[in-house]
Amino acid sequence: MGVSPWKKSSRSQSGGACVEARANLGRFQVRDSKLAESPVLTLTAADWVGFLAIVKR
């Protein structure tokens, strides 16, 4: 698996909390879409599944 382009969340609001995610060499990354140079949260596949379960609540 290579590096995917950043994809903005479909639940992001135009002026509010926005996130982008991508796959990167077998890991998953999340960042603030308003700040392209913001810190990136990198997760394993198992952590990604847990992260999604929490944010979908």
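Tutor: Begin with the sheet: 4 strands form an open sheet in the order β1-β2-β3-β4, with antiparallel pairing. β1 (7-8) and β4 (41-43) are the edge strands, each with a single partner, so one side of each has no neighbour in the sheet. Strands (E, at least two residues) and helices (H or I, at least four) are DSSP runs, numbered from the N terminus, and two strands pair if DSSP finds at least two bridges between them. The model is predicted: local features need pLDDT of at least 70, side-chain atom pairs count only at pLDDT 80 or more, and totals for chains, interfaces and linings use all residues. Residues are numbered from 1 along each chain as its sequence is written, and side-chain values use heavy atoms, leaving out hydrogens and water.

Now the rings. The structure holds 2 aromatic pairs; rings of Phe, Tyr and Trp (its six-membered ring) pair if their centres lie within 6.5 Å, and planes under 30 degrees apart count as stacked, over 60 as edge-to-face and the rest as tilted. Phe 28 and Trp 48 are stacked, at 5.2 Å centre to centre with 10° between the planes. Phe 28 lies in strand β3 (residues 27-32) and Trp 48 in helix α1 (residues 45-55), so this pair ties together parts 20 residues apart in sequence. Trp 48 also pairs with Phe 51: the ring centres are 5.7 Å apart and the planes at 20°, so this pair is stacked. Trp 48 and Phe 51 both lie in helix α1, 3 residues apart, about one turn of the helix.

Phe 28, Trp 48 and Phe 51 form one aromatic cluster. As for accessibility, buried means under 20% relative accessible area, exposed over 50%, and partly exposed in between (1.4 Å probe, protein chains only). Phe 28 counts as buried at 19%, Trp 48 counts as buried at 15%, and Phe 51 is partly exposed at 27%.
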